[in-house]
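Let's walk through this model together, looking at how its charged side chains pair up and then at a spot on its surface. Have the structure open as you read.

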Amino acid sequence: MTLTMPDTLESLQLGQVIDGVERPGDRVLEVRNPGRRSEIVGTVVDGTLEDVEAAVAAAVAAARGWAATTPEERIALFARIADEIDAAAEDLATLVARENGSVRSIIRRELIGASHAFRDIEGYLAEKLAPRDYPSGTPGSFVRVERKPFGVVACIVPWNAPLILTANKIAPALAAGNAIVLKPSPFAPLGVTLIGRIAASILPAGVVNIVNGGGEVGGAITSHPEVRKISFTGGGETARHIMRAAAEQLKGVHFELGGNDPAIVLDDADLEVTVDRIVDSAFRRSGQVCFAVKRIYVPQAQAEEFRRLLVERVDRIAVGDPLDERATMGPVNNEGQLTKVQGLLERTQAAGRDVRVLGTKLSPEQWEEGLFSLPAVVLDAQQDDEIVREEQFGPILPVIAYETEEEAIALANDTEYGLCSSVWSRSPSTPSRSRRASRPA
Ligand code: NAD
């Protein structure tokens, strides 16, 4: 079967993509709309170990020829991939909103980024891949560093921002001259498979291979001896599995993992602007973003005003079907996520914290059919609360009051996670009031 874009993205049935052709399979994985669980958005073939073998073999066979193409050839082919993503963007946005649960406007932005990842590789090739010469210390000689492709790279992606994470992963790997085996997440595989198919249909056969499936398929790809580099985005537990297998074969890994990202609000921050922007970060995609704000530190003196503004702003969030234009937040992506979020909420409430469940249900009659969770804030959280310690990856946001900036920085850094953090101030270059006051004259 050829890899042209399907005429309709309704009721999609997608096979694996191996060596430039679509390959059917006996077993399929159903993809359901998290906003309406009875609705099957499409299916993908559930991969087998034979599929993994075939995909890796196709990538090995294609890698050398692809590595021999010139940057100009790759740039021209990538421009065509970007054009095709742009041409399909409206349909893809609807499809991915239905499988992922994020509202359509957010997926639309992802697609702009995804096409950009392919269109914009000229600078990447020049900056990252150009050979560099360094003095060797011996007169008349120098050291040259040249970056060469690994050969076959495994690209394993999660479900939360599937398109942009896929494009940002596969475009640089391919631009550098590698062939890839891509594995989408079973919780949002349709859009990723289609983006991969667009690339596979334009690049030489075998350069892009796609095998759908769960952890077993992911494990078979990442532990395959012919795969020389793993690019993985997902959770820490999965990363540990992958790293153990990679260690056995001394292969390189590139990980983008979870975060428990603190926001420190300084006492000179414009609270209205800060609350607006933090809420936008923390509740986008129902909080399922690796670098979303996950805990807020606020000066004791401003805490009351901050809490008031936060409650007011979060209460404006309208939760509903991802295709409902009025919705600013959709459902969470899968049952596991809903159970996790509800458990955290219940335990935080049971511990006696001031938990406010806010926002509006847009279509209450659809509520029970979808994986919806209203946005919540925990106004008096403490550092050792589970909701502060763990990556919630959902629409619950704790606020912790602090006395001094030193304390806030220590609390922000008191975590096992490392990914992102932010500091909110009216004037980032000047010390805030409390620091000025605590300075010796
Ligand atoms: P996950 O780790 O469960 O799954 C990620 C991918 O790994 C999926 O495709 C899954 O099928 C695959 N997989 C599962 N077991 C595997 C194994 N043994 N070997 C190889 N592959 C395997 O993560 P998720 O639930 O899909 O995503 C949520 C997590 O991802 C969160 O922790 C989030 O913070 C993190 N994340 C990080 C970033 C980032 O850029 N830092 C971006 C998005 C998500």
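Which side chain meets that of R240 in a salt bridge? The partner is E237, with 2.7 Å from N to O. A salt bridge here is a side-chain nitrogen of Lys or Arg within 4 Å of a carboxyl oxygen of Asp or Glu. R240 and E237 sit three residues apart in helix α8 (residues 236–248), so about one helical turn separates them. Helices (H or I, at least four residues) and strands (E, at least two) are DSSP runs, numbered from the N terminus. R240 is partly exposed, with a relative accessible area of 47%, while E237, at 53%, counts as exposed. For these words, buried means under 20% relative accessible area, exposed means over 50%, and partly exposed lies in between (1.4 Å probe, protein chains only).

A word on the background: this is a predicted model, in which local features need pLDDT of at least 70 and side-chain atom pairs count only at pLDDT 80 or more, while totals for chains, interfaces and linings use all residues. Residues are numbered from 1 along each chain as its sequence is written, and side-chain values use heavy atoms, leaving out hydrogens and water.

Now let's turn to a pair that reaches across the sequence. The side chains of E22 and R197 form a salt bridge of 2.8 Å, N to O. E22 belongs to strand β3 (residues 21–23) and R197 to helix α6 (residues 190–202), so this pair ties together parts that are 175 residues apart in sequence. Both E22 and R197 are buried.

Another pair to find is D321 with R36, whose side chains meet in a salt bridge at 3.6 Å, N to O. D321 lies in the loop between β15 (318–319) and α11 (335–350), and R36 in strand β5 (residues 36–45), so the pair ties together parts that are 285 residues apart in sequence. D321 is buried, at 10% relative accessible area, whereas R36 is partly exposed at 30%. These two also belong to a network of salt bridges that links E10, R36, E39, R98 and D321. The model's salt bridges come to 30 by this rule.

Finally, the surface. Y134, V143 and V145 form a nonpolar patch there, with about 240 Å² of accessible area together. Patches are made of residues with over 30% relative accessible area and no salt bridge; like charges are joined within 9 Å, and nonpolar side chains (Val, Leu, Ile, Met, Phe, Trp, Tyr) within 5 Å. Accessible areas come from the Shrake-Rupley method with a 1.4 Å probe, and for residues only the protein chains shown count as cover. V143 lies in strand β7 (residues 142–145) and, at 40% relative accessibility, counts as partly exposed.
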